[in-house]
Amino acid sequence: GEFYCTCVSFPLYFFTWVIALDLPQLYLCTKSPEMAISRQLENTSLAGLRIDTNWADGISFNGLLPDTVEQTLLEKMEFVNKDAQPFSAIQILRTLLDELSGKKLPLLHLLLAAEAMYHSAKDSQKYMDDYLVCMRKHQTMLHPWALIVAARLDPLSSNVLLSLYAELFPSQQKYVGEGKCAKLNQEGIPPTSKANGKSSHDIFLEQWSKLKNQYPGEVKSRATEDLFALVGLRKVKAEIISLWKTALQLKRMDTETRKKNLVTTNYCFVGNAGSGKTTVCRLFAEILRDTGLRKTKTFSETTAQKVKDEGSDKFRTFMKKAIGGTVFIDEAHDLNPVGDTMGRPIVNELLDICENQRDKITIVLAGYEDDFEKNLFAYNQGLKSRFKVLVFDDFDEAELRHIWNIMREE
């Protein structure tokens with residue numbers, strides 16, 4: 001409809017008033033950085049919350065804990081320090097949480113979420129949920145690290161959240177760059193070093209050699225060697241290195257401590273057809289056995305359509321036979337529990353197994369990223385927290401050329 005605009009100028013401010021004939025309201029059009037941030041956070045887990053854009057550095061307990069505690073955490077957190085020992089900061093944070101239960105220190109939940117994401121997506125999500133509930137209740141501004149943690153827990157919002165962090169805190173990339181997340185937009189994947197000419201492939205081989213030299217006789221795996229020989233798959237290789245480090249640390253824990261730090265090894269392999277998901281999972285099953293995280297290298301493969309056709313009883317039997325090894329369900333998004341009554345009992349069974357057998361079996365769901373979000377995670381957010389999403393990127397031109405040369409030689 002028609003509308004009129006009147007501009008009123010004042011010495012220090014400029015306002016544009018827009019009066020719509022069909023609306024009884026007067027709208028003030030302004031540009032606010034806070035509104036711009038709010039718009040970017042829409043459709044993410046941080047929607048409706050504000051970021052502390054005045055953050056200078058560090059953890060910032062605001063005097064509620066001694067500076068020595070913050071310094072100790074910065075040294076021991078895997079999120080910050082690439083050389084930190086797994087679980088060491090988690091133990092400190094859990095102790096602080098117990099001792100300070102009467103004080104309002106929700107930041108501890110965020111720090112626990114940041115640490116737990118290297119070992120258990122479910123635990124990390126739980127701590128993050130606790131943190132966000134408290135932030136929403138008291139309308140408190142988020143610590144900037146919440147952007148990074150939320151991005152790791154939800155790869156579908158990753159680009160938006162990490163880009164916002166880089167935009168707001170360009171001088172504070174060190175907490176990502178120096179920790180195990182290595183590079184914001186590559187989820188912990190070592191970047192190519194232009195200075196020394198090393199590719200990410202060379203860097204992964206160096207990391208693998210270092211582990212073998214550091215733990216002679218203990219770190220050995222033909223399947224790991226075969227996987228590292230594959231072209232591309234940088235995110236997968238980064239995850240394999242992380243799994244080996246976690247497994248080595250778990251072996252050095254007593255039984256009681258190990259029970260308190262159960263590691264979830266359930267994954268969603270997402271990517272286009274031909275990106276290597278099935279090939280990698282076969283090797284993955286052997287690698288899990290070699291690390292000691294699984295008892296056998298058994299690889300049980302099926303499809304979503306097949307388990308739906310056979311029903312939940314046969315699926316339960318199939319899963320019981322696979323205990324100790326790895327199960328691979330291809331085209332898992334087709335389970336579609338939201339719109340398919342045949343898939344719903346299968347997904348419910350998966351949720352139960354992920355919860356009660358997480359230390360005994362690995363479940364890998366494979367499919368397309370968008371379909372996972374729409375067909376699976378929309379049914380139950382608890383499902384999303386029980387699986388770590390591992391993205392299989394398409395091969396770039398150089399990688400395709402390398403594959404072609406290998407095929408031609410063969």
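**Close-up views of helix packing and nonpolar cores**

**View 1. Helices α6 and α7 pack against each other.** The axes of helix α6 (residues 145–153) and helix α7 (residues 158–168) come within 8 Å and cross at roughly 160°. The model shown here and in the other views is predicted. Angles over 145 degrees count as roughly antiparallel, and α6 and α7 are therefore roughly antiparallel to each other. The crossing in which α6 passes α7 is left-handed. From α6, the contact is made by Trp145, Leu147, Ile148, Ala150, Ala151 and Arg152; α7 contributes Ser158, Leu161, Leu162, Leu164 and Tyr165. Sorted by class, the residues of this contact are nine nonpolar, one polar and one charged.

**View 2. The largest nonpolar core.** This core holds 85 residues. The members that touch the most other members are Phe61, Met77, Phe79, Met128, Trp145 and Phe269. Helix α11 (residues 234–251) gives the most to the core, namely nine residues. As a general background, nonpolar side chains in soluble globular proteins tend to be buried together.

**View 3. The surroundings of Phe61.** Residues up to four places away in sequence are not counted in this view. Phe61 touches Val69, Glu70 and Leu73, and also Leu105, Leu107, Leu108 and Leu111.

**View 4. Helices α15 and α16 pack against each other.** Helix α15 (residues 312–321) and helix α16 (residues 344–356) pack at an angle of about 30°, and their axes are 9 Å apart. Angles under 35 degrees count as roughly parallel, and α15 and α16 are therefore roughly parallel to each other. Their crossing is right-handed. On the α15 side, Ser312, Phe315, Arg316 and Met319 take part in the contact, where they meet Pro345, Ile346, Glu349, Leu350 and Ile353 of α16. By class, this contact has six nonpolar, one polar and two charged residues.

**View 5. Glu349 within helix α16.** Glu349 has its place in helix α16 (residues 344–356). A residue under 20% relative accessible area counts as buried, and Glu349, at 13%, is therefore buried. When residues up to four places away in sequence are left out, Glu349 touches Phe315 and Arg316. Phe315 and Arg316 are in α15 and are among the residues that meet α16.

How values were computed: Residues numbered from 1 in each chain as written. Predicted model: local features only at pLDDT ≥ 70, side-chain atom pairs only at ≥ 80, totals over all residues. Heavy atoms only, no water. Core = buried A, V, L, I, M, F, W, Y, C linked by side-chain atoms within 4.5 Å. Buried < 20%, exposed > 50% of the residue type's maximum accessible area, 1.4 Å probe, protein only. Helix = DSSP H or I, 4+ residues; strand = E, 2+ residues; numbered from the N terminus. Contact = heavy atoms within 4.5 Å. Axes fitted to C-alpha atoms, helices over the stretch in contact; angles between N-to-C directions. Parallel < 35°, antiparallel > 145°, perpendicular 65-115°, else oblique. Left-handed = near helix turned anticlockwise from the far one by under 90°. Nonpolar A, V, L, I, M, F, W, Y, C, P; charged D, E, K, R; others polar.
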